[in-house]
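Subject: Structure handover

Hello,

Below is the structure I said I would pass on.

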Amino acid sequence: MRIHEKGNLICGIRDNNMRRKEEGKQILLKDFGIKIEIDLRDPDRNTGTPFANEVEYYPIPIPKGTKIIRFDNFEEIYKKVFNLISQADKKHILLYCHAG
């Protein structure tokens, strides 16, 4: 597991078990104080289910393989993501995509 903290935004949790196992949930909730979960995975991998009931969950799927056209075709989606990220000083965020 790699965890990088930039202010109150936590990125780089590649281990799916971190969100599934009870110990991982407690670390995310209690140690990191996660209040918002943003799931950027493809629609087929985006479960629509938060890792814990205590968090605000935002399934915002961005299809993989769209890197070249990503900002042109998904501008409104990225606005929503960056708007949520702007709240990180008030509500800590767990943000992840297919790559982690």
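Residues 24 or more positions apart account for 42% of the contacts in the protein with a separation of 6 or more; contact means heavy atoms within 4.5 Å. This is a predicted model, in which local features need pLDDT of at least 70 and side-chain atom pairs count only at pLDDT 80 or more, while totals for chains, interfaces and linings use all residues. Residues are numbered from 1 along each chain as its sequence is written, and side-chain values use heavy atoms, with hydrogens and water left out.

The overall layout

The protein has four helices and five strands. Both are DSSP runs numbered from the N terminus: helices are H or I with at least four residues, strands are E with at least two. From the N terminus on, their order is β-β-α-α-β-β-α-α-β. Of the 100 residues, 37% count as buried. Buried means under 20% relative accessible area, exposed over 50%, and partly exposed in between (1.4 Å probe, protein chains only).

The cores

A nonpolar core is a set of buried Ala, Val, Leu, Ile, Met, Phe, Trp, Tyr and Cys residues joined through side-chain atoms within 4.5 Å. The largest one has twelve residues, including Ile38, Ile60, Leu84 and Ile93. Strand S3 (34-39), helix H4 (75-85) and strand S5 (92-96) are the elements that give two or more residues to this core. H4 gives the most, with three residues. Another core, of ten residues, lies apart from it, and Leu28, Leu29, Ile34 and Leu94 are among its members.

Leu84

Leu84 is found in helix H4 and is buried, with a relative accessible area of 4%. Leaving aside neighbours within four places in sequence, Leu84 is in contact with Ile38, Tyr58, Ile60 and Ile93. From Leu84 to Glu37 there are 47 residues in sequence and 9.7 Å in space, C-alpha to C-alpha.

Helix H2

Which residues of helix H2 (residues 22-31) are buried? They are Gly24, Leu28 and Leu29. These cover an arc of only 125° around the axis, so they are on the same side of H2; the arc is that of the directions from the helix axis to the C-beta atoms. An α-helix has 3.6 residues a turn, so residues three or four places apart point the same way. The face of H2 turned away from the buried side carries the exposed residues Glu23, Lys30 and Asp31. After H2 comes Gly33, whose phi is positive, near 65°.

Regards
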